[in-house]
Amino acid sequence: MAEKIGTGRLTTHVLDTGLGRPAAGLSLSLWRFDAEGDAECILRTETNADGRTDAPLLDGDAFETGAYEIVFEAGAYLAASGATVSDPPFLDDVPIRFAMAEEAHYHVPLLLSAHGYSTYRGS
């Protein structure tokens with residue numbers, strides 16, 4: 001039997017819309033949910049100078065379909081970036097929960113400012 005070669009991939013990109021540049025040094029974690037709804041942290045990393053992670057969050061044989069959540073540590077990033085933030089900050093951890101139903105490229109970007117964010121399934 002041939003060895004399975006995974007073709008799925010999960011990536012992210014964070015842009016600081018308040019400053020108009022990539023969000024460098026933003027910490028994030030990736031969580032995988034099992035059938036019972038219990039979550040396991042499978043990755044912790046941070047964004048590079050381009051607002052991306054140095055490697056895909058998941059790819060190849062590590063990629064599995066299912067339910068996931070990326071938790072972006074926005075509050076710490078915004079405070080360090082010099083943004084005007086309240087105490088406590090309006091945005092702190094930003095969780096984005098999503099599901100991947102097929103082996104494909106899933107891109108989950110975050111457009112972030114001190115008072116709002118948006119995301120979508122990118123390419």
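## Chatting through strands, salt bridges and a helix

Student: Hi! What kind of model is this, predicted or experimental?
Tutor: Hello! The model is predicted. Where would you like to begin?

Student: In which sense do β1 and β6 pair, parallel or antiparallel?
Tutor: Antiparallel, over 2 bridges, with β1 covering residues 9-11. If you want a place to look, find Arg-9, which stands opposite Asp-59 in β6.

Student: Is Thr-53 buried or exposed?
Tutor: Buried. Its relative accessibility is 11%, and the cut-off for buried is under 20%.

Student: What does Thr-53 touch, leaving out residues up to four places away in sequence?
Tutor: With those left out, Thr-53 touches Thr-12, Leu-28, Thr-45, Glu-46 and Asn-48.

Student: And which backbone oxygen does the side chain of Thr-53 reach?
Tutor: That of Ala-55, at 2.7 Å.

Student: Switching topic: how many salt bridges are there?
Tutor: The count comes to 2. One of them joins Arg-52 to Asp-50, and their closest N and O atoms are 2.8 Å apart.

Student: How exposed are Arg-52 and Asp-50?
Tutor: Arg-52 is partly exposed, with a relative accessible area of 34%. Asp-50 is partly exposed as well, at 38%.

Student: Which residue forms a salt bridge with Glu-69?
Tutor: Arg-97, with the closest N and O atoms 3.1 Å apart. This pair links distant parts of the chain, as Glu-69 is in β7 (residues 66-73) and Arg-97 is in β8 (residues 93-100), 28 residues apart.

Student: So are those two buried or exposed?
Tutor: One of each! Glu-69 counts as buried at 13% relative accessibility, whereas Arg-97 is exposed, with a relative accessible area of 56%.

Student: How do β7 and β8 pair?
Tutor: They pair in the antiparallel sense over 8 bridges. Within that pairing, Tyr-68 stands opposite Phe-98 in β8.

Student: And how does β4 pair with β7?
Tutor: β4 (residues 27-33) and β7 are antiparallel too, over 6 bridges.

Student: Let's do the helix. Which residues of α1 are buried?
Tutor: In α1 (residues 74-81), the buried ones are Ala-74, Gly-75, Tyr-77, Leu-78 and Ser-81.

Student: Why are they said to be on the same side of α1?
Tutor: Because they cover an arc of only 165° around the axis. As background, an α-helix has 3.6 residues a turn, so residues three or four places apart point the same way.

Student: What's on the other side of α1?
Tutor: Ala-76 and Ala-80 are there, and they are exposed.

Student: And which strands do the buried residues of α1 pack against?
Tutor: They pack against β2 (14-16), β3 (21-22), β7, β8 and β10 (110-113).

Notes
Residues are numbered from 1 along each chain as its sequence is written. This is a predicted model: local features need pLDDT of at least 70, side-chain atom pairs count only at pLDDT 80 or more; totals for chains, interfaces and linings use all residues. Side-chain values use heavy atoms; hydrogens and water are left out. Two strands pair if DSSP finds at least two bridges between them. Helices (H or I, at least four residues) and strands (E, at least two) are DSSP runs, numbered from the N terminus. Buried means under 20% relative accessible area, exposed over 50%, partly exposed in between (1.4 Å probe, protein chains only). A polar contact is a pair of N or O atoms within 3.5 Å; within protein, one must be able to donate a hydrogen and the other to accept it, and residues adjacent in sequence count only if both atoms are side-chain atoms. Contact means heavy atoms within 4.5 Å. A salt bridge is a side-chain nitrogen of Lys or Arg within 4 Å of a carboxyl oxygen of Asp or Glu. The arc is that of the directions from the helix axis to the C-beta atoms.
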